[in-house]
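Take a walk through this protein, from its overall build to its ligand and then to one residue.

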Amino acid sequence: TYVIAQPCVDVLDKACIEECPVDCIYEGGRMLYIHPDECVDCGACEPVCPVEAIYYEDDLPSEWSDFYKANVEFFDEL
Ligand code: SF4
């Protein structure tokens with residue numbers, strides 16, 4: 001799955017939402033989140049993010065590794 005990290009916080013540009021073919025990017029509070037089970041790993045969202053907040057899970061910078069869990073848990077709580 002792709003993961004949205006720290007740079008999205010308080011930005012929520014939403015260009016990624018337009019790009020996602022399966023509509024699996026959701027708004028929640030201060031950032032956007034990618035549903036890990038709905039994401040088809042197409043990568044379309046990554047280059048359109050103006051703040052480079054989106055990463056493939058294995059490429060997530062280590063300082064933002066907590067965001068993998070943050071994206072998963074956002075949907076667990078719904
Ligand atoms: Fe949507 Fe593709 Fe981005 Fe996954 S990788 S969130 S399916 S645009």
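**Overall build**

Of the protein's 78 residues, 42% count as buried (under 20% relative accessible area; exposed is over 50%, partly exposed in between; 1.4 Å probe, protein chains only). The model is predicted: local features need pLDDT of at least 70, side-chain atom pairs count only at pLDDT 80 or more, and totals for chains, interfaces and linings use all residues. Residues are numbered from 1 along each chain as its sequence is written, and side-chain values use heavy atoms, with hydrogens and water left out.

The protein has two helices and four strands. These are DSSP runs: H or I of at least four residues for helices, E of at least two for strands, numbered from the N terminus. Their order from the N terminus is β-α-β-β-β-α.

The C-alpha atoms fill a box of roughly 25 × 25 × 25 Å along the principal axes. Among contacts (heavy atoms within 4.5 Å) between residues at least 6 apart in sequence, 63% join residues at least 24 apart.

**The ligand**

Around the ligand are 13 residues, each with a heavy atom within 4 Å of it. The closest are C20, C39, C42, G43 and C45.

N71 belongs to helix α2, residues 66–76. Is N71 buried or exposed? N71 counts as buried because its relative accessibility is 2%. Leaving out residues up to four places away in sequence, N71 touches V3, I4, M31, L32, Y33, I34 and P36.
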